[in-house]
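Visitor: I have a new model open on my screen and would like to learn how to read it. Could you walk me through a few features?

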Amino acid sequence: MRLIDQLTNHPLLDERPVKHVFEPMGFEVHVESVESPCPDDMPEEHQRFTEDPDAYLEGLDFDVPDGFTELGRWETEEPEIVMLAVKPTTALALALLTPVDDAEVPA
C-alpha cells in the first residue's frame, strides 16, 4: 500500500479538481477524461461498462508520460471517466508514493 492511495479514495476528489488536490502536495499532474458510455449512443459499450466497470476502465487507453505513475481511474457524477497519473516533484510527493507496510499506518 502507498499513502497516496488513501488520497485517491478520499471524497475530496469528487468535490475539487484533481490538480487542486495533488499539485499543492508537490505533484505534476496528468489527467485524461472521457465521457462514460451512454446507453442510447453506445449501447454495446454501456453494457460492457455496467457488466464489469473495473475491466472496462482498465481497457481504456491512457498514455502515461515518462516519469509519471498512474494512480487510478474512476467515474464521476458528471458522468465522465477520469484517469490520473502523477509525477513527484518534492520529497513529500515522493514519500506519498513510497510503499509502506500496512502495519506502519495507524487505523
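Guide: Gladly! Let us start with burial: phenylalanine 22 has 0% relative accessibility, so this residue counts as buried. Buried means under 20% relative accessible area, exposed over 50%, and partly exposed in between, with a 1.4 Å probe and protein chains only. Please keep in mind that this is a predicted model, where local features need pLDDT of at least 70, side-chain atom pairs count only at pLDDT 80 or more, and totals for chains, interfaces and linings use all residues. Residues are numbered from 1 along each chain as its sequence is written, and side-chain values use heavy atoms, with hydrogens and water left out.

Visitor: What percentage of the 107 residues count as buried?

Guide: For this protein, the figure is 32%. Phenylalanine 27 is buried as well, with a relative accessible area of 3%.

Visitor: How do I read a pair of aromatic rings?

Guide: A pair of aromatic rings is described by the distance of the centres and the angle of the planes. Rings of Phe, Tyr and Trp (its six-membered ring) pair if their centres lie within 6.5 Å; planes under 30 degrees apart count as stacked, over 60 as edge-to-face and the rest as tilted. By this rule there are two aromatic pairs here. Phenylalanine 22 and phenylalanine 27 have ring centres 6.0 Å apart and planes at 75°, so they are edge-to-face. Phenylalanine 49 and tyrosine 56 also make an edge-to-face pair, at 5.3 Å centre to centre with 70° between the planes. Both phenylalanine 49 and tyrosine 56 are buried.

Visitor: How many helices and strands does the protein have?

Guide: There are six helices and three strands, in the order α-α-α-β-α-α-β-β-α from the N terminus on. Helices (H or I, at least four residues) and strands (E, at least two) are DSSP runs, numbered from the N terminus. Helix α2, for example, covers residues 12-15 and includes glutamate 15. Glutamate 15 counts as exposed because its relative accessibility is 63%. Next, arginine 16 sits in the loop between α2 and α3 (18-22), and at 40% relative accessibility arginine 16 counts as partly exposed.

Visitor: And what should I know about peptide bonds?

Guide: Most peptide bonds are trans. Here, the bond from glutamate 78 to proline 79 is cis, with omega near -5°. Proline 79 belongs to the loop between β2 (69-75) and β3 (80-88).

Visitor: What are the overall dimensions of the C-alpha trace?

Guide: Along its principal axes, the trace spans about 45 × 30 × 25 Å.
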